[in-house]
Amino acid sequence: MIKFFRHIRYNLMETGKTGKYFKYAIGEILLVVIGILIALQINNWNESRKLNNKTHGYIESLQSDLIRDTTNIDKHIAVGKSQLLEIEKFKSFSTQSTVSIQQKLDSSLNLNTPFYRYFPINQIFLDMQSSGNSALLTEEQRRALIDIGYLQNRLVIANDKIIEIAIGELSARNKYITENNDFYKSHGIEPDKNTLIKALLHQHNRLQEMEELAYVMERFGTMIINKSKEALLLLEQL
């Protein structure tokens, strides 16, 4: 093709048709410029398509994280409510004047109140922040996810602190009475009243912490769920 255009230029110059030569040269330059512009436009379109695909991929992953996190929180809230009901039943039973200390302690040890920890599912947004890809989101979307992250961190801190205290009370209780009461049973003896009272006190404190854990989980969990719903709506606005 280049040889073809060059041949035309030579013919115009040899025949002395200078005017036509310049017109042709200008036309050839315009064609080259147009070709470059088209190539740049195609390249820009390809880059824009790649960027859109990348953004869509992140959006889908963020939506998945938010849904999984709120589902996890819902489960924790349900566990907390179930434990609150058990603890409330125990309180009603233990306040009866006819119930002995041993019966109160045995009843409290039979409660199903295991520890549960909250681990936020937010790795995608953390990765976007560290890599600079959070710039792919709108300011409103970023702000919503940052707010959720702040609440998640507060819940983690509160959750861990409460469990730390509850574990301390559990360890203190086990110095006097364990759940299966193995020591006393294996030796065929009964713990004295003072031992039972101390064990019951630490068990009472542990249950109070489990109540606090349920309240904190519901309070912060509900806020996170509501914020996540708002964020999901924002993420649909591409």
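Which side chain does the side chain of Q152 make a polar contact with? It's Y118, at 3.5 Å; a polar contact here is a pair of N or O atoms within 3.5 Å, where within protein one must be able to donate a hydrogen and the other to accept it, and residues adjacent in sequence count only if both atoms are side-chain atoms.

Before I go on, a word on the model. It's a predicted one, so local features need pLDDT of at least 70 and side-chain atom pairs count only at pLDDT 80 or more, while totals for chains, interfaces and linings use all residues. Residues are numbered from 1 along each chain as its sequence is written, and side-chain values use heavy atoms, with hydrogens and water left out.

Okay, back to Q152. You'll find Q152 in helix 5 (helices are DSSP runs of H or I, at least four residues, numbered from the N terminus). Q152 counts as buried because its relative accessible area is 2%, and buried means under 20% with a 1.4 Å probe, protein chains only. Skip the neighbours within four places in sequence, and Q152 is in contact with D69, Y118, P120, I121, N122 and I224; contact means heavy atoms within 4.5 Å.

Now the whole chain. There are 7 helices and 0 strands (a strand would be a DSSP run of E, at least two residues). Buried residues make up 34% of the 238. Take contacts between residues at least 6 apart in sequence, and 80% of them join residues at least 24 apart.

How values were computed:
Buried means under 20% relative accessible area, exposed over 50%, partly exposed in between (1.4 Å probe, protein chains only).
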